[in-house]
Structures are given as C-alpha cells and as structure tokens.
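This report describes how a protein assembly is built, beginning with the contact between its chains and then turning to each chain separately. Please keep the structure in view while reading.

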Amino acid sequence: MLEVDGLAKRYGEVLALRDLTVRVDEGRCLVLLGRNGAGKTTALRCMAGVLLPSAGTVTVDGIDAADDPAAVRAKVGLMPEVPGLYERMSVWAYLDYFGAIYDLEPALRRKRIEHLLEIFELTDAGDRWLGTYSKGMRQKVALIRATLHRPRLVLADEPTSALDPDSARRAWVYLKDLQKEGCALVICTHSMEEAEHLAGDIGIMSAGRALAIGTMTELRRKSGLATRQEVREVPTLQDIYLAIVGERHELAESRSA
Amino acid sequence: MSWPKVDRRKALLVASRDLRDAVSELRLVAALIALTVAIPLGAGSGVRALAYFGGGTAVVNRLSLVGAFFVVFIPASFSLVLALESFVGERERTTLEVLLSTPLREAEIYAGKVLAVLSVSLTLCYGGLIVYCLVTFPGLGYFPIDMLLALAVSTICQVAAMVAGAVIISLNARTMRAANVMASFIILPMSVVLQLEAALILVGRAELLWGFALLMILIAMVLLRMGFSGFSREALLARDVGLSNPVRRAAQAVRSSFGTRPGIVQLIWSRRAPMALAAAGFPAGALIGYIAASTGAVPSAVVQPVLSSLVAASRTPVSAGTGSPVDDAFSIFSHNLLAFLLVAALAIVTAGLSGFLLTFAPGFLLGFAAAVSSWGLALSGIVPNGLVEIPAAIVAGGLAIQIGAAAIHMDATGGWSSRVLAAMADYVRALRWLVPALAVAAVLEVWLG
C-alpha cells in the first residue's frame with residue numbers, strides 16, 4: 001500500500017528527513033516514535049502527498065506522489081497534530097464539506113457522518129459550532145474527517161493525545177477496525193501504550209533518520225535488552241525506545257565532543 | 001499565457017465555505033448591510049438635497065457621478081480585508097494544513113478563495129450602486145448611463161485587481177500582521193488608480209473611463225495569473241523552517257545575485273527583449289505625442305508648460321548668473337541620474353512600467369513639440385546630448401522592465417527574491433556604464449547644446 005524509498009526532505013538549509021525507507025502493507029500499522037523534531041510530521045506530510053520529496057520516492061497504492069500528488073491525496077486520510085477545524089461551522093457542515101471535496105455522494109456522506117458521530121459519541125453535539133468543542137471533541141472530529149472517505153492509507157499525528165483513556169480506547173478500536181477492512185495506518189505518537197496497542201511495525205526516528213524499524217520482537221533483539229541480566233521481565237516498548245534512542249544520543253554527544 | 005485547469009465544482013465548494021464563514025458573524029453582516037444601504041442612501045440624499053436647494057445643474061450632475069464612484073469604492077475596500085485574510089488567516093487558525101491535505105488542486109483552492117472575496121465585494125459594490133441610483137437619479141433629469149456602465153465595469157476589474165494582489169500577499173505572508181503591513185503594496189498603487197479614476201469621472205468622458213477599465217482588466221489578469229503560478233503547498237507549509245537567520249540569508253542572496261553578473265554587452269544581449277521594448281517606447285511616445293497634439297486629444301495647455309520649462313532650462317541654465325558651466329553640467333547630470341534611480345526603485349511596484357516610461361515620456365514630449373512647431377526644431381533640442389542620453393535611457397529602461405517582469409513572475413517552486421535581486425543587480429552593475437554616459441551627455445548639453 002505504502003512504499004517509501006530513500007525519502008529525504010530539505011527545507012532550505014535544514015535537512016528535516018533523510019534516507020527513510022519503509023513499507024506498509026494493506027491492513028498493517030506502522031507506528032513512528034521519536035523526540036519532537038525527529039522528522040515524523042515531515043515524513044507524514046510527504047507520505048500524504050502534501051510535501052514533495054527532496055530525494056527518494058513515495059508510492060501509495062502504486063501512485064508516485066511526485067507524479068500525481070492529487071491522486072495520492074485522494075487515497076490518503078491525513079490527521080494532523082492540530083485538528084484545524086473551522087470554528088464557525090457545525091460538525092455536520094464541516095464533515096459534509098470535506099465529504100464533498102472527496103467526491104462522496106450526498107446520501108453516502110450523510111450515512112457515514114451519522115455512523116461516525118455515533119461511534120465517537122458526538123451525535124448530540126452535531127448542531128453546535130466547532131468553536132465550542134473541547135480539545136478531545138475536536139480531535140475526534142479530526143479523526144472522523146480524516147477517515148470519512150474510507151482512505152486506503154490513514155496517516156495520523158498523535159491521534160489520541162487529547163482524548164481521555166476511554167475515548168482513546170474507542171479510537172484505537174476504530175483504527176483497528178479500519179485495519180481489518182484493509183486500510184494501512186501510519187501513526188506518530190509519544191504514547192508507548194498506543195504504540196504497543198496498534199503497531200504491527202514500529203519505527204524509531206531521531207534527527208530526521210530512522211534508527212530502527214521492525215516488529216516488537218525485532219526491536220527487542222536490536223536493543224539488546226532481552227539479553228541483559230538486570231531486566232527480569234520482558235522489556236516494554238518504553239524500555240526498548242529509551243535503549244535505542246539513548247544509545248544514539250550518547251553517540252551523537254561523543255561525536256560532538 | 002496558459003491558465004491551470006480548475007474543476008469548477010471544487011472551486012465553488014471552497015468559495016461557498018469561505019463565503020459562509022465571511023457572513024457568519026452578525027456584526028460583520030450588519031457592517032456589510034450598512035455599507036450597501038446606508039452610505040448610498042446618505043450620498044444619494046445629499047445630491048438630491050443639493051439639487052432641491054438650488055445647486056447648479058452642472059455641479060449636481062458632476063457630483064452625482066462622484067457620489068456613484070464613492071459608494072462603489074467604499075465596499076470595494078472591504079474586499080481587501082477579506083482577501084488579505086484568505087490564506088494567512090487559515091494559516092493562523094491552523095486550518096490550512098487540513099485544506100492542503102485534500103485532493104483539491106492548487107488552482108481550485110486559489111480560484112475558490114478569490115471567487116468568495118469577489119462575490120462579497122461585487123455584491124456590495126453593485127448593491128450600493130443600485131441603491132444610490134434609485135435614490136439619486138429619478139426626477140433629476142440626468143442619467144448618465146454610459147458613464148455608470150463604464151464605472152460598473154471598471155469597478156469589477158479594479159476589485160479583481162485588488163483582490164488578486166491581496167491574495168498574493170496573503171499567500172506570501174506568515175502572519176496577519178505581516179499581511180496588513182504588506183497591504184501597502186496594494187493600497188498605495190490603488191490610491192493612485194482611484195485618483196486617476198476620479199479625475200476621469202470629473203472630465204466626464206465615458207471613452208476614457210472605458211480605456212481605464214481595459215487597463216484594469218489587464219492588471220487584474222496579470223495579478224490573477226501571478227497568484228495561480230505562485231501558489232505552492234510546499235511554500236505554505238515549509239516557510240517557517242526556511243526563514244531562520246533572515247539577515248544572513250538576505251546578505252547571501254544579495255552576494256550571490258552580484259556574483260555572476262555579465263558585462264554590459266552580454267547584459268544587453270541577454271536582456272534584448274526588454275531592451276527592445278524600451279527602445280520601442282521612444283518612437284511610440286513620439287508618434288503618440290504627435291497625434292495627441294495634432295488631434296487635440298491632449299490639450300496644449302496641459303503639455304505646453306512642461307515643454308516651456310524644458311526649453312527655458314536648455315536656454316537658461318539652472319545656475320545662470322550664479323554658477324559655472326560645471327555647476328550646470330552637474331545639475332543636469334544629477335537630475336538625469338535621479339530619474340534613472342527613481343525608475344529602478346519604482347520598477348517593482350509598477351511592474352516595469354516605469355522603465356517603459358523612461359523612453360516613452362521624452363518621446364511623447366518630442367512628438368508633441370514637433371506637432372506644435374516642427375520636427376527639425378524639436379530634434380535640434382535633443383542633439384547632441386540625446387545621442388548619448390537616449391541609448392542610456394533604453395538600457396536603463398530595459399533593465400527596469402526586467403526588474404518589473406521578475407517581480408510579477410511567480411513560480412510555485414519559489415525563488416522570487418533571488419529573481420528580483422538578480423534583476424536589480426543587473427541594474428546596479430549597468431550603472432557603471434550609465435553614470436559616465438549621463439555625465440558625458442550633461443557635458444555635451446552644456447557646452448555643445
């Protein structure tokens with residue numbers, strides 16, 4: 001579904017992303033972890049066909065993002081970190097607007113909006129202006145908007161960071177359901193719980209490059225934690241992440257020193 | 001000039017959302033209605049009161065037209081605010097990334113936003129004009145339909161030019177505050193345009209107003225085309241990162257623009273198209289000046305004072321009685337140099353028109369002088385210094401046209417500043433030859449003229 005090969009992105013003098021190679025098949029989920037500024041958001045924007053790669057290729061469902069970015073954007077649902085809702089619109093009008101942009105028939109739009117508002121418990125707030133919504137409600141609307149057109153690939157930047165635990169679980173169930181329908185997911189998050197819950201593969205990024213990509217088992221092996229005497233239980237993703245990023249951080253410090 | 005493909009349905013979707021947003025606030029709607037109804041009512045009533053209380057017919061008739069211009073322009077100014085807000089406002093409210101992540105193409109988003117602003121502005125303008133006409137003209141015994149139609153058409157084009165320009169600013173500004181500051185690039189030229197329009201209305205000749213409308217159409221087309229080609233998702237989302245150390249970046253850009261400039265011969269050859277345009281300005285000006293004087297299209301009283309002062313200046317040096325010929329030569333040289341520098345400075349805001357005028361205006365005066373005297377007499381006034389001055393003006397004018405062309409050429413991949421800087425660097429380097437040429441011309445004028 002998604003193939004990224006040697007992706008690099010430069011903003012002027014800043015190399016925000018370098019040599020990223022990943023592949024996400026239908027029904028799989030890749031979770032990207034990393035510090036702030038590691039290049040996760042830039043990677044998502046390139047995968048979404050919003051930014052064009054400075055080097056390398058992004059292919060979604062066989063379409064090269066550099067050749068036909070609009071066609072790629074039609075197949076992708078991007079949920080940015082900031083929901084970015086129009087304050088003076090009701091959730092109905094907002095979702096209907098984006099549904100129309102994605103060429104959904106009015107009857108189908110209505111049906112899907114109704115269904116999704118019900119899933120995320122927003123039906124009662126359907127007539128209120130989005131400006132009156134809480135942070136969590138806004139994030140739910142952003143997730144609905146990104147998935148309303150049933151994209152082949154969902155790219156979500158911290159999709160549950162503002163949700164209460166119950167709503168977050170509901171969102172995870174929804175994302176898992178999308179996976180079952182064959183949708184591929186790429187999710188950036190700082191929540192290890194979320195990553196463990198959703199991820200098929202995990203990519204750990206730092207300073208614009210992927211330090212490690214693989215399944216939990218592969219990363220555990222790579223981190224070397226499984227062989228350490230002091231770890232008595234199976235290491236969590238948090239342990240693995242800190243081990244991989246920490247090592248690299250020390251390396252960078254020693255180089256600069 | 002090719003225009004990008006636009007799916008009208010998609011552009012209308014964007015436009016209708018923006019429109020809904022613009023009229024969603026009650027205070028805003030109240031202000032819009034006041035602009036559309038209250039001001040025309042007041043202006044129309046004023047004209048009628050003047051007519052009723054014995055104002056002269058000529059005054060009332062002229063005032064009724066000026067009132068129409070007034071009620072049309074005020075709502076048009078409202079479009080500037082909406083247009084400035086179109087992209088940078090979405091950027092500040094963080095809704096832009098979502099819009100840019102949809103399958104909408106750049107041209108559809110741009111067209112939708114321009115359409116939304118235009119529809120609000122034109123509704124207000126024409127609503128106001130209709131209210132004004134209904135209040136003012138019934139029973140007045142005067143209904144200048146030709147002037148009102150020309151005013152209506154020139155208003156569409158004026159608003160379109162203003163909106164297109166403001167949307168370009170909105171695309172390029174990072175904050176609303178920056179957009180407001182940059183709006184001077186629209187407000188200042190527009191104030192000149194409005195004064196010109198007001199003068200044409202007072203002159204009362206509809207054909208001049210139609211010509212003005214045509215000029216506005218041209219400007220609107222150029223600005224719209226610039227907006228279409230300059231729209232870039234990339235630039236809108238990536239600009240923050242690229243602007244670190246702006247002073248160092250600007251210094252680097254200036255250095256690199258001077259780095260690989262060619263010599264004068266190579267420069268003239270590489271800019272032969274704008275040079276040809278500037279060169280054509282002189283004979284074109286002479287021809288138009290001659291026709292204007294011969295047919296009386298431009299009254300002699302308008303140009304005669306300029307010609308007289310030029311003739312007087314050439315016969316009686318500025319420093320007559322007080323200074324030496326060296327002072328006179330220096331005075332002529334500094335006047336010409338100032339004109340060259342002004343032309344370059346104005347090239348960006350006039351889209352290179354100042355460069356064309358550098359050769360057109362002297363040509364016009366020459367042709368006009370020839371019509372009122374003779375070609376021999378007129379030409380003797382510009383020889384021998386003109387033989388140096390005119391080629392210098394052609395080079396300077398051509399390079400100024402190039403600066404203007406660089407300023408109105410937008411490219412989605414960016415690089416506007418480097419293109420304009422390179423064109424300006426050409427001009428500055430050409431001054432190495434132009435300044436001595438002007439000095440030689442001044443000497444020739446004082447000692448041999």
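## The contact between the chains

The model discussed here is predicted. In the contact between the two chains, chain B contributes 21 residues and chain A contributes 24 residues. On the side of chain B that touches chain A, the elements giving two or more residues are helix H1 (8-22), helix H4 (96-100) and helix H10 (233-242) of chain B. Of these elements, H10(B) gives the most, with six residues.

## Chain A as a whole

Chain A contains nine helices and ten strands. Its radius of gyration is 19 Å, close to the 18 Å that the globule rule gives for 257 residues, so chain A is as compact as a globular protein of that length. Along the principal axes, the C-alpha trace of chain A spans about 60 × 45 × 30 Å.

Buried residues account for 43% of the 257 residues in chain A. When contacts between residues at least 6 apart in the sequence of chain A are considered, 66% of them join residues at least 24 apart.

## The four-stranded sheet of chain A

Strands of a sheet pair through backbone hydrogen bonds, either parallel or antiparallel. One open sheet of chain A consists of four strands in the order E2-E1-E4-E5, and its pairing is antiparallel. Strand E2 (14-24) and strand E5 (63-64) of chain A stand at the edges; each has a single partner strand, so one side of each is left without a neighbour in the sheet.

Strand E1 (residues 2-11) of chain A pairs with E2(A) in the antiparallel sense over seven bridges. Within this pairing, Glu3(A) has Arg23(A) in E2(A) as its bridge partner. Helix H1 (residues 40-47) of chain A packs on the sheet and touches E1, E2 and strand E4 (55-60) of chain A. The direction of this helix makes about 120° with that of E1(A).

## The six-stranded sheet of chain A

Another open sheet of chain A has six strands in the order E6-E7-E8-E3-E9-E10, with mixed pairing. Which strands stand at the edges of this sheet? They are strand E6 (76-79) and strand E10 (209-214) of chain A, each with a single partner strand, so one side of each is left without a neighbour in the sheet. On average, neighbouring strands are turned by 15° against each other, direction ignored.

Strand E3 (residues 29-34) and strand E9 (residues 201-206) of chain A run parallel and are joined by five bridges. Here Leu32(A) stands opposite Gly203(A) in E9(A). Helix H8 (residues 216-223) of chain A packs on this sheet, where it touches E9 and E10 of chain A, and its direction makes about 120° with that of E10(A).

## Strand E7 of chain A

Why is strand E7 (residues 153-157) of chain A described as largely enclosed by the rest of the structure? Five of its five residues are buried, so the strand is largely enclosed. In a regular strand the side chains alternate between the two faces of the sheet. In E7(A), Leu153(A), Leu155(A) and Asp157(A) point one way, while Val154(A) and Ala156(A) point the other way, and all are buried.

E7(A) is joined to E6(A) by four bridges, and these two strands run parallel. Five bridges join E7(A) to strand E8 (residues 184-188) of chain A, again in parallel. Leu155(A) takes part in both pairings: it is the bridge partner of Leu78(A), and its own partner in E8(A) is Val186(A).

## Chain B and a pair of its helices

Chain B has 19 helices and zero strands. Of its 449 residues, 43% count as buried. Among contacts in chain B between residues at least 6 apart in sequence, 86% join residues at least 24 apart.

The axes of helix H2 (residues 26-52) and helix H3 (residues 57-92) of chain B come within 10 Å and cross at roughly 170°. This crossing angle makes H2(B) roughly antiparallel to H3(B). The residues making the contact include Leu35(B), Ile39(B) and Val47(B) of H2(B), and Leu63(B), Phe70(B) and Ile74(B) of H3(B). The residues of this contact divide into 14 nonpolar, four polar and no charged.

Key. Residues numbered from 1 in each chain as written. Chains lettered and ligands numbered in written order. Predicted model: local features only at pLDDT ≥ 70, side-chain atom pairs only at ≥ 80, totals over all residues. Rg over C-alpha atoms; globule rule 2.2 N^0.38 Å. Buried ≥ 20, exposed ≤ 12 C-beta atoms within 10 Å, placed from the backbone. Contact = placed C-beta atoms within 7 Å. Axes fitted to C-alpha atoms, helices over the stretch in contact; angles between N-to-C directions. Parallel < 35°, antiparallel > 145°, perpendicular 65-115°, else oblique. Nonpolar A, V, L, I, M, F, W, Y, C, P; charged D, E, K, R; others polar. Pairing = 2+ DSSP bridges.
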